[in-house]
Amino acid sequence: MPRGLLDLSKIEDLVNIIDEQERDIAVWILEPVLWEWAEHLFDSISRTVEPFENSLAAARRVGLDVPNWPGLPSGAAEIEHLVKVLSDSLEGVGAEIVRLAAHPLAAVQGIRDQILQTGAARRKTDSGGKQKVLGGARVKTGAADSASFNLLEQRASSQLGNVVLVSADRDAVAHFRGRESPVMAKDLWQTRRGLLTLTAGSELALNEFLEKIYNQLPEIEQAALRLVPTDDYGNLVSASGWDLERYLNTKALVTQIDSVDEIGDIETSRSYASASVQLTVSIVIEGTWWDSGRLENDFSPAYDVAATAEVYGDKDSSEWVLHVEHFYLHSIRG
């Protein structure tokens, strides 16, 4: 979990790289991590300001002309104020703060792990490896880490395997051992490098959409195809050479899509795409005629016809769904 002070520019760089890659990826900051960053900053200010002010006072006492120091900005020495400042700054660069209030069970699990010494919790040691003692008892730690890991699991839900957890803390590995785990990255540099190797979101969307057209368009049911002939319908039917004189009415029925010949006029975004698709389809012509007081139907042999489908797709979760908006018949192929 966090070590040292927050470098906001690194978070902003990460968000910018994601935007440039046109990816639907969110940067999450777990609320306990935010609190720890605020505490580290508060501690740094506290340890730095008092000696600095004492040094200024000592310099004045020996007659040095030391300019007055204006002091810290308002609220800088108040930890709750620092929490708010860091939260606003992180959200300002595009990160999402994952709040414990939205997933309160994570906090309960974190406290339980610390008290019972389960999960990521452990007893704190000093730099010599000896266990620290406070008031005669060994100091238990781990609630913040455990709460963070549980918060991540609850926020990600079934998508935990698609999450990258940036942490060099060995407790992260211990917590997720033997269960579904996020991808582990030791630092933001490794994370940024991984992002830059990904296919850009718009290019990925295009590839996925074209694959859907080639694989799924030939399987679309006839009921989903609305026929809007672009040429004169009578000429199309006449070109079949089928004897039409006896029929009161004729119409073409698409029996199948034989092939996707060409795709043009492509427009894509990360969640919507459209295209004009040139096809070869099989049709039969249905003729209706009157016989002895009732309507009868005949069907011609199958013909190969050049056609155009106007299609669009939208991305539902992680899958593209293909729709045919219009279907035009052009001419019978020789």
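This is a predicted model: local features need pLDDT of at least 70, side-chain atom pairs count only at pLDDT 80 or more; totals for chains, interfaces and linings use all residues.
Analyst: Let's start with a word we'll need: a residue is buried when its relative accessible area is under 20%.

User: Okay, then why does Glu31 count as buried or exposed?

Analyst: Glu31 has 10% relative accessibility. The cut-off for buried is under 20%, so Glu31 counts as buried. You'll find Glu31 in helix α2.

User: What does Glu31 touch, if we skip residues up to four places away in sequence?

Analyst: Glu31 touches Ile97, Val98, Arg99, Leu100, Ala101 and Leu151. Take Leu100: Glu31 and Leu100 are 69 residues apart in sequence, but their C-alpha atoms are 6.6 Å apart in space.

User: And what makes Ser87 count as buried?

Analyst: Same test as before. Ser87 comes out at 5% relative accessibility, and with a limit of under 20% it therefore counts as buried. Ser87 sits in helix α3, and, leaving out residues up to four places away in sequence, it touches Leu34, Ile97 and Arg99.

User: Which residues meet where α2 and α3 touch?

Analyst: From α2 you get Leu34, Trp35, Trp37, Ala38, Glu39, Leu41, Phe42 and Ile45, and from α3 Ile79, Leu82, Val83, Leu86, Ser87 and Leu90. By class, that contact has 12 nonpolar residues, one polar and one charged. Ser counts as polar and Glu as charged, so Ser87 is the polar one and Glu39 the charged one.

User: How do α2 and α5 cross?

Analyst: Their axes come within 8 Å, at roughly 145°, with α5 spanning residues 143-156. Glu31, Pro32, Val33 and Glu36 of α2 meet Ala144, Asp145, Ala147, Ser148 and Leu151 of α5. Here the classes are five nonpolar, one polar and three charged.

User: How many helices and strands does the protein have?

Analyst: Nine helices and 13 strands. Of its 334 residues, 36% count as buried.

Technical notes
Residues are numbered from 1 along each chain as its sequence is written. Side-chain values use heavy atoms; hydrogens and water are left out. Helices (H or I, at least four residues) and strands (E, at least two) are DSSP runs, numbered from the N terminus. Buried means under 20% relative accessible area, exposed over 50%, partly exposed in between (1.4 Å probe, protein chains only). Contact means heavy atoms within 4.5 Å. Axes are lines fitted to C-alpha atoms, for helices over the stretch in contact, and angles run from 0 to 180 degrees between N-to-C directions.
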